[in-house]
Amino acid sequence: MRVLIVVDMQNDFIDGALGTMEAAAIVDNVREKIDRYLENGDTVIYTRDTHTEAYLQTQEGRNLPVVHCVKGTPGWEISEKVYVEGCTVVDKPSFGSPALPEVVKACAARQSGRGAQSGNTDGGTPDSIELVGLCTDICVISNAMILKAAFPEIPMTVDASCCAGVTPESHENALNAMRMCQIQIITC
């Protein structure tokens, strides 16, 4: 079973408080990737950056004083252009989700219950993990490193054409850092 992690494809990061042209430009690519995974019977998991009204009093808020992704606001919602009902959503209070590996294991275990079609003989381990989303240089790389530490032997991929960073330069820097950590970078 393959797992696609769709990182923080939320309104505030696409065209809201922290939106960029680069982020808006990947939306169609991300949706196509999600559709391919679901058509193949694979698993799609979304992460959602989640803050409270007290965001500016947090360490992150003091370093990035732009209120965004406050739970329950339109900016916090995953873009309707990429969201598929029924997929798992992981709310995370910071860049990376320490809970994400356990969610991946649980989804893999559920998927393995589908029998021989999944091809997975280890009920809690996916065959591969791919990440897409926003921002390459903050949340994508953070979650990729957490997952790589939890699943060091599972092939892991990041699709550069389905990611955008804060700047094009920081996007490339993050891709290079992930390459150094044996995460395959592709462009589809």
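**Entry 1: glutamine 182**

I looked up glutamine 182 in this predicted model and found a relative accessibility of 64%, so the residue counts as exposed, the cut-off being over 50%. I placed glutamine 182 in the loop between α7 and β6 (184-186). I then read its backbone: phi of glutamine 182 is near 65°, a positive value in a residue other than glycine.

**Entry 2: cysteine 69**

I turned to another residue with positive phi. Phi of cysteine 69 is near 50°, and the residue is not a glycine. I located cysteine 69 in the loop between α4 (59-63) and β3 (88-92). Is cysteine 69 buried or exposed? I found a relative accessible area of 0% for cysteine 69, so the residue is buried, the cut-off being under 20%.

I listed what cysteine 69 touches, leaving out residues up to four places away in sequence: Gln10, Asp12, Phe13, Asp49, Thr50, His51, Gly75 and Trp76. I also took the C-alpha separation between cysteine 69 and methionine 178, which is 26 Å for two residues 109 apart along the chain.

Cysteine 135 sits in the loop between β4 and α6.

**Entry 3: nonpolar cores**

Which residues have the most contacts inside the largest nonpolar core? I noted Ile5, Ile129, Leu131 and Met178, in a core of 29 residues. I next asked which elements supply at least two residues each, and recorded β1 (2-7), α5 (100-112), β4 (128-134), α6 (136-150), β5 (156-164) and α7 (168-180). Apart from this core I found another, of 24 residues, with Met9, Val27, Ile78 and Cys135 among them.

I examined isoleucine 5 in more detail. With neighbours within four places in sequence left aside, isoleucine 5 is in contact with Ile45, Thr47, Leu100, Val104, Ile129, Glu130, Leu131, Val132 and Leu147.

**Entry 4: threonine 43**

I found threonine 43 in strand β2 (residues 43-49). Its relative accessibility is 9%, and threonine 43 therefore counts as buried. Beyond residues up to four places away in sequence, I recorded that threonine 43 touches Met1, Arg2, Val3, Leu4, Tyr37, Cys107 and Gln111.

**Entry 5: the whole chain**

I counted seven helices and six strands in the protein chain. In sequence order I read the pattern β-α-α-α-β-α-β-α-β-α-β-α-β. The radius of gyration is 16 Å, close to the 16 Å that the globule rule gives for 188 residues, so the chain is as compact as a globular protein of that length. I took the extent of the C-alpha trace along its principal axes as about 50 × 35 × 30 Å.

I noted that 51% of the 188 residues count as buried. Of the contacts between residues at least 6 apart in sequence, 74% join residues at least 24 apart.

**Entry 6: charges**

How many positive and negative side chains does the protein chain have? I counted 14 positive and 25 negative, with the centres of the two sets 5 Å apart.

Methods. Residues are numbered from 1 along each chain as its sequence is written. This is a predicted model: local features need pLDDT of at least 70, side-chain atom pairs count only at pLDDT 80 or more; totals for chains, interfaces and linings use all residues. Side-chain values use heavy atoms; hydrogens and water are left out. Helices (H or I, at least four residues) and strands (E, at least two) are DSSP runs, numbered from the N terminus. The radius of gyration is taken over C-alpha atoms; the globule rule is 2.2 Å times the number of residues to the power 0.38. Buried means under 20% relative accessible area, exposed over 50%, partly exposed in between (1.4 Å probe, protein chains only). Contact means heavy atoms within 4.5 Å. Lys and Arg count as positive and Asp and Glu as negative; His and the chain ends are not counted. The place of a charge is taken as NZ of Lys, CZ of Arg, CG of Asp or CD of Glu. A nonpolar core is a set of buried Ala, Val, Leu, Ile, Met, Phe, Trp, Tyr and Cys residues joined through side-chain atoms within 4.5 Å.
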